[in-house]
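Please keep the sequence and the structure open beside it while you read.

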Amino acid sequence: MQFHHHGYVSDDPRIEDATGTGIDRPDTLPDQVDVLIVGSGPAGMIAAAQLAKFPNITTRIVERRPGRLRLGQADGIQARSVETFQAFGFAERITAEAYRITEMAFWTPDPDNPSHIVRSSVAPDDASGEISEFPHLIVNQARVLDYFAEFARNAPARLTPDYGLEFQDLRIDHGEDYPVAVTLRHVCGDREGLERTVKARYVIGCDGAHSRVREAIGRKHIGKVANHAWGVMDVLATTDFPDIRTKCAIQSASGGSILHIPREGGHLFRMYVDLGEVAGDDNRRVRQTTLETTVAKANRILHPYTLEVKDCAWYTVYEVGHRVTDKFDDVPPEATGTRAPRVFITGDACHTHSAKAGQGMNVSMQDGWNIAWKLGHVLSGIAPESLLETYSSERQVVAQNLIDFDREWSSLMAKPAEQFSDPQELKEFYVKTAEFPAGFMTEYQPSMITGGRAHQHLATGFPIGKRFKSAPVMRVCDGNDVHLGHHATADGRWRIYVFADRAAPAGHSPLTTFADWMLNSTDSPVVKYTPAGTDLDSLFDIKVIYRRPHGEVEFGPMIPALFTPKVGPFQLTDYEKVYAVDPEHDIFEARGIAPEGAVVVVRPDQYVSLVTALHATDELTAFFDGAMLRRGQ
């Protein structure tokens with residue numbers, strides 16, 4: 001973590017100085033805002049946290065609840081989300097309090113006594129670490145929201161939720177500077193029942209499966225309910241079931257199945273208990289199933305083991321439904337490209353599915369981050385408004401892939417044990433598809449911020465359109481082993497990783513030619529787009545990785561000035577942009593970097609936008625000319 005560059009800091013360095021809209025931020029919701037976020041769930045809070053780093057933008061987040069969420073329904077945290085938490089500065093802290101999944105046990109009917117269940121196999125959770133260096137966690141959604149709230153509160157814009165305000169409706173007048181008029185109603189406090197109107201340039205709807213924002217823009221949920229019900233309970237209990245602190249898929253011969261998930265804290269656990277098929281004329285009567293009935297069903301499935309519930313923190317019954325909204329913004333499909341969207345929907349407002357794959361909160365957070373940095377760039381004049389069109393096109397594909405995966409996984413979980421031709425079928429599916437639930441299958445297609453693949457062979461381990469997969473390197477200035485990607489914080493900047501060619505660091509080389517061009521050419525994105533009067537790295541965080549041990553790389557004339565920028569009011573040198581090979585983990589070998597080196601461009605939400613050659617500066621120019629605006633354009 002870097003600080004002191006604006007002067008000595010003796011208190012918590014995570015609390016940044018308030019600037020822009022964060023100075024004397026009004027307690028009451030203003031009549032006009034740049035961005036209004038509706039709903040403070042996972043998508044809403046990550047969007048707020050990201051936009052809080054843009055203090056030139058007036059952002060507010062409204063929430064119907066009177067205060068913070070106390071008990072969240074979601075709890076599964078995939079490795080991609082922990083990677084995201086790292087960017088927001090709280091991965092280590094939340095990991096310390098979470099339950100960590102290291103393996104999953106599979107229980108099936110005992111072949112010799114089918115009325116009993118037995119452990120048939122255990123599958124490790126990314127045992128090799130090939131998928132990610134980050135763990136798979138279980139932690140209450142409320143704690144995730146707390147951490148994002150802390151980040152937003154401590155960021156320059158000092159963003160905090162406005163509680164007790166419920167979204168009613170909106171209308172859009174494209175001729176106005178603040179074209180979205182949002183009607184809100186106070187639902188608690190002295191002003192309960194009163195309505196007011198707030199005008200916004202943009203609105204992000206993060207208001208759940210029954211989203212009023214979605215309804216207001218005429219978007220439709222497409223899909224259906226699978227007519228299968230599950231009882232879900234977070235409980236404290238006594239039991240003789242031996243794997244009570246291990247994630248389990250439990251299939252009985254005739255009583256249905258259970259997905260069992262230990263929770264944080266060492267005692268609490270969640271069970272998804274199979275309540276069976278639901279008749280077409282049920283009219284939601286299954287949702288009246290009592291906790292006692294679900295516990296009794298769990299005991300039948302667990303036989304010969306028993307479960308005695310002592311306390312229930314949360315209980316619900318739900319029917320599996322798979323739905324994706326027809327579009328994730330307010331622009332009708334036939335009008336796409338003719339005007340910019342003004343209203344966006346995220347999370348459960350645009351995709352719903354079963355909870356058993358643990359994807360809802362995770363995918364929702366990526367929705368929120370995706371649209372937030374784009375709004376930050378457009379409203380700051382960094383990028384053209386057309387950037388906003390990429391949100392729906394990118395995230396709708398992700399949502400559909402999620403629905404397809406969850407439909408198969410939830411069907412397997414509900415399938416009676418006797419219908420499996422192979423008792424290991426469920427385990428094999430779990431192992432085979434491990435990268436998807438970990439959150440790493442997203443691959444964005446070519447667009448104004450995702451380039452072509454002509455130079456992909458230069459860095460095969462950084463697939464264009466997929467998230468930047470970090471690897472260990474050695475920081476030259478202090479000899480510390482670090483993960484290259486862990487220093488990409490959620491500050492709205494683009495990352496450019498320059499992997500050196502085989503030439504010696506000193507003297508003229510393709511690397512030094514590239515660095516000189518980036519620093520001085522009028523075609524360079526650094527020269528073109530870095531705002532006047534700001535630090536050299538205010539928009540582009542550029543790092544170099546030498547193909548040599550750190551002892552062979554010396555600070556001084558051999559390091560181009562591009563990689564040692566001067567920062568802050570005292571113009572201090574930033575020494576933490578120069579890296580070398582970790583002798584035990586060669587990043588060049590691990591990520592398939594070609595001998596001639598490569599340039600890897602990564603967008604603010606950690607997805608690879610472009611791989612190009614050190615000499616292909618025209619391609620770099622063309623890419624950023626399509627993704628960015630010069631000031632005054």
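1. Glu394 counts as buried, with a relative accessibility of 6%, where buried means under 20% relative accessible area, exposed means over 50% and partly exposed lies in between (1.4 Å probe, protein chains only). The model is a predicted one, in which local features need pLDDT of at least 70 and side-chain atom pairs count only at pLDDT 80 or more, whereas totals for chains, interfaces and linings use all residues. Residues are numbered from 1 along each chain as its sequence is written, and side-chain values use heavy atoms, with hydrogens and water left out.

2. Which residue does the side chain of Glu394 meet in a salt bridge? The partner is Arg603, at 2.8 Å from N to O, a salt bridge being a side-chain nitrogen of Lys or Arg within 4 Å of a carboxyl oxygen of Asp or Glu. Helices (H or I, at least four residues) and strands (E, at least two) are DSSP runs, numbered from the N terminus. Arg603, at 1% relative accessibility, is buried too.

3. The chain is divided into domain 1 (20-71 + 140-222 + 323-433), domain 2 (102-135 + 226-319) and domain 3 (456-627), with bounds that come from an automatic or database domain assignment. Between domain 1 and domain 3 the count is 1 salt bridge. The C-alpha centres of these two domains lie 32 Å apart, and 14 residues of domain 1 are in contact with 12 residues of domain 3, contact meaning heavy atoms within 4.5 Å.

4. The size of an interface is often given as the accessible area lost when the parts come together. Domain 1 and domain 3 bury about 1,000 Å² between them, and carbon and sulfur atoms give 58% of that area; buried area here is the accessible area (1.4 Å probe) that two parts lose on being put together, summed over both. Of the area that domain 1 buries against domain 3, Trp369, Trp373 and His377 supply 45%, more than any other three residues.

5. Arg270 is buried at 1% relative accessibility, and Asp75 is buried at 5%. By contrast, Arg143 and Asp146, whose salt bridge spans 2.9 Å from N to O, both lie in helix H4 (residues 141-154), 3 residues apart, about one turn of the helix. Arg143 is partly exposed, with a relative accessible area of 30%.

6. Strands of a sheet pair through backbone hydrogen bonds, either parallel or antiparallel. An open sheet of 7 strands runs in the order E20-E19-E25-E22-E21-E26-E27, with mixed pairing, two strands being paired if DSSP finds at least two bridges between them. Its edge strands, each pairing on one side only, are E20 (481-483) and E27, and the twist averages 30 degrees from one strand to the next. Helix H13 (residues 617-627) packs on the sheet, touching E21, E22, E26 and E27, and its direction makes about 160 degrees with that of E27; such axes are lines fitted to C-alpha atoms, for helices over the stretch in contact, and angles run from 0 to 180 degrees between N-to-C directions.

7. How many residues of E22 are buried? The count is 6 of the 6, so the strand is largely enclosed by the rest of the structure. Both faces are covered, with Phe540, Ile542 and Val544 buried on one side and Asp541, Lys543 and Ile545 buried on the other. Strand E21 (residues 494-499) runs parallel to E22 (residues 540-545) and is joined to it by 6 bridges, among them one that partners Val498 with Val544. Strand E25 (residues 578-580), also parallel to E22, is joined to it by 2 bridges, and Tyr579 in E25 stands opposite Ile545.
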